[in-house]
Amino acid sequence: MILAKRNMEEGSGSVNHYYSGSSSSPITNIAKDHLLTILLLLPIDAILSLSMTCKRFKDITSSDTLWKSLSSRDLGSTCVDALLYKYQHPISWMRLYKQVYQLDSVCCHRLCDTHGGDLDFPSARASHSLNFVSNSLVMFGGGCEGGRHRDDTWVAYIGNDFEKTLKWKKVNSGIPSGRFGHTCVEMSDFLVLFGGINDNGNRQNDTWVGHVTHNEKNAITFSWNMLDVGAIAPPSRGAHAASSIDDKRMVIHGGIGLHGLRLGDTWVLDVSENLCFGTWHEIVSHPSPPPRSGHTLTCIGKSKTILFGGRGLCYEILHDVWLLDTCQSYLKWIQIVYDLENIPDGVSLPRVGHSATMVLGGRLLIYGGEDSSRHRKDDIWILDISVIPSITMHSTTLSSKRVSIKMWKKWRSNGYEPKRRSFHRACTDPSGRYLYVFGGMVDGFLQPAEPSGLRFDGELFLLQLVL
């Protein structure tokens with residue numbers, strides 16, 4: 001491109017002649033596989049610009065080989081493998097890539113009817129955990145009516161049929177001990193669970209590893225084992241947030257500790273390759289997110305973890321965004337500053353008890369939650385951190401009016417209309433296109449003896465990204 005520009009400026013020939021493929025044109029003499037390697041280092045805008053320069057570049061930049069590689073680069077190889085597994089027929093990768101970045105809506109499907117008298121179905125709950133691992137949904141614990149905890153583990157095999165009515169299987173009870181407000185993250189084919197609160201108000205700081213196995217007939221077995229972490233562990237807590245980092249580490253932040261105190265500390269768990277033991281250590285970074293509970297931590301890509309929202313020390317509902325940068329040799333928090341007034345309908349963004357899940361395209365899908373008046377929500381927001389400028393070693397805040405407008409987008413929802421909810425749980429399949437949501441607190445019918453109209457929900461539904 002630089003040579004072409006210089007050629008035009010010096011008037012030494014037309015662009016068409018320069019890119020005609022003649023031997024005097026060094027860039028067009030590069031082997032195709034080498035050109036593909038170079039193109040994979042460029043942003044999409046640069047690739048599209050090159051496609052308009054000559055027929056050879058147009059052919060190369062339109063090839064399915066390139067766009068499949070670009071999809072692996074920008075969407076993730078796990079996502080690409082999952083899409084191939086799902087569709088099982090030839091995919092136009094250029095078309096798919098374009099559709100992914102034009103996404104603006106979801107279609108909601110109700111998966112299970114809890115009023116059918118089926119005993120083999122998880123009961124209503126909130127502040128539980130829900131994960132997608134080994135082609136299965138795994139649910140554990142949570143809180144229920146009367147402030148009681150649950151101690152059951154349920155597994156439902158999904159396979160390649162994402163819209164079917166699921167068959168749940170109760171695989172464990174009593175291990176780990178009952179709790180709600182715990183966290184559970186995926187690490188490859190394993191789950192790592194930490195903390196939580198039981199119905200006596202006792203906070204926990206134990207760490208557990210869960211594993212799903214399938215036999216030849218797809219019969220499911222599941223096991224929990226306590227992880228040996230030595231003498232050092234984070235203070236006991238519940239209602240904190242957690243995320244895995246590159247399937248090797250787990251980071252936790254905040255929560256409600258002893259005596260109801262909201263915490264603002266950050267801890268990282270490093271696990272052994274076989275997940276037999278781990279080591280906790282605290283990350284001290286200035287600045288860092290202030291104390292809170294009911295917020296979310298979500299890993300985007302392999303090196304960025306996003307914190308959003310929650311309830312602060314003075315019970316205020318938050319809308320701040322923080323990025324935990326794990327690219328460097330040390331971890332540090334960076335605040336992404338934005339103004340709600342610059343975002344259409346941005347006044348509705350502050351929330352607690354929401355879910356925040358990475359979906360197809362490497363974006364964060366935020367669903368539900370509640371505001372300062374405990375009004376529950378059913379809106380869907382997308383946080384796109386790809387528009388955020390590159391982070392420097394010494395950055396502690398990132399702020400831009402232009403970025404503020406681009407980083408937030410509200411999506412539409414079609415199809416089934418579930419109740420507004422908070423403290424539900426959500427997870428996606430490996431492609432990031434199918435988001436499963438279960439439970440939470442919803443508005444109920446107010447009875448004379450009830451102090452509020454809240455009730456626990458036991459509904460499972462699917463939000464499918466519409467391509």
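Q: Which residue stands opposite Trp-381 in β22?
A: Ile-366 does. This is a predicted model, where local features need pLDDT of at least 70, side-chain atom pairs count only at pLDDT 80 or more, and totals for chains, interfaces and linings use all residues. Residues are numbered from 1 along each chain as its sequence is written, and side-chain values use heavy atoms, with hydrogens and water left out.

Q: How many bridges join β21 to β22, and how do they run?
A: 4 bridges join β21 (residues 363–367) to β22 (residues 380–383). The two strands run antiparallel. Strands pair if DSSP finds at least two bridges between them. Helices (H or I, at least four residues) and strands (E, at least two) are DSSP runs, numbered from the N terminus.

Q: What sheet do the 8 strands form?
A: An open one, in the order β20-β21-β22-β24-β1-β30-β27-β26. The pairing is mixed.

Q: Which strands stand at the edges?
A: β20 (355–359) and β26 (425–428). Each has a single partner strand, so one side of each is left without a neighbour in the sheet.

Q: How much are neighbouring strands turned against each other?
A: By 30° on average, direction ignored. Axes here are lines fitted to C-alpha atoms, for helices over the stretch in contact, and angles run from 0 to 180 degrees between N-to-C directions.

Q: New topic, β17. Is it mostly covered or mostly open?
A: Mostly covered: 7 of the 8 residues in β17 (304–311) are buried. Buried means under 20% relative accessible area, exposed over 50%, and partly exposed in between (1.4 Å probe, protein chains only).

Q: Which strands do bridges join to β17?
A: 5 bridges join β16 (residues 296–300) to β17, and 7 join β17 to β18 (residues 317–325). Both pairs run antiparallel. Thr-298 stands opposite Ile-306 in β17, and Gly-310 stands opposite Leu-318 in β18.

Q: What about the hairpins? Which residues take a positive phi?
A: Gly-301 does, near 70°, in the hairpin of β16 and β17, with 3 residues between the strands. Tyr-315 does, near 65°, in the hairpin of β17 and β18, with 5 residues between the strands.

Q: On to helices. How far does α6 reach?
A: Helix α6 (residues 64–75) reaches 15 Å from its first C-alpha to its last, close to the 16 Å expected. The expected span is 1.5 Å times one less than the number of residues.

Q: Which α6 residues are buried?
A: Leu-66, Trp-67, Leu-70, Ser-71 and Leu-75. They cover an arc of only 135° around the axis, which puts them on the same side of α6. The arc is that of the directions from the helix axis to the C-beta atoms.

Q: What do they pack against?
A: α3, α4, α5, α7 and α8.

Q: Then α8: which residues are buried, and which are exposed?
A: Trp-93, Leu-96, Tyr-97 and Val-100 are buried in α8. The face turned away from the buried side carries the exposed residues Arg-95 and Lys-98. What covers the buried residues of α8 includes α4, α6, α7 and β21.

Q: Last one. What pLDDT does the chain average?
A: 86, and 84% of the residues score at least 70. pLDDT is the predictor's confidence in each residue, from 0 to 100. Over residues 1–24 the pLDDT is below 50.

Q: Which element has the lowest mean?
A: Helix α1 (residues 2–10), with 39. Strand β25 (residues 421–422) has the highest, 98.

Technical notes
Contact means heavy atoms within 4.5 Å.
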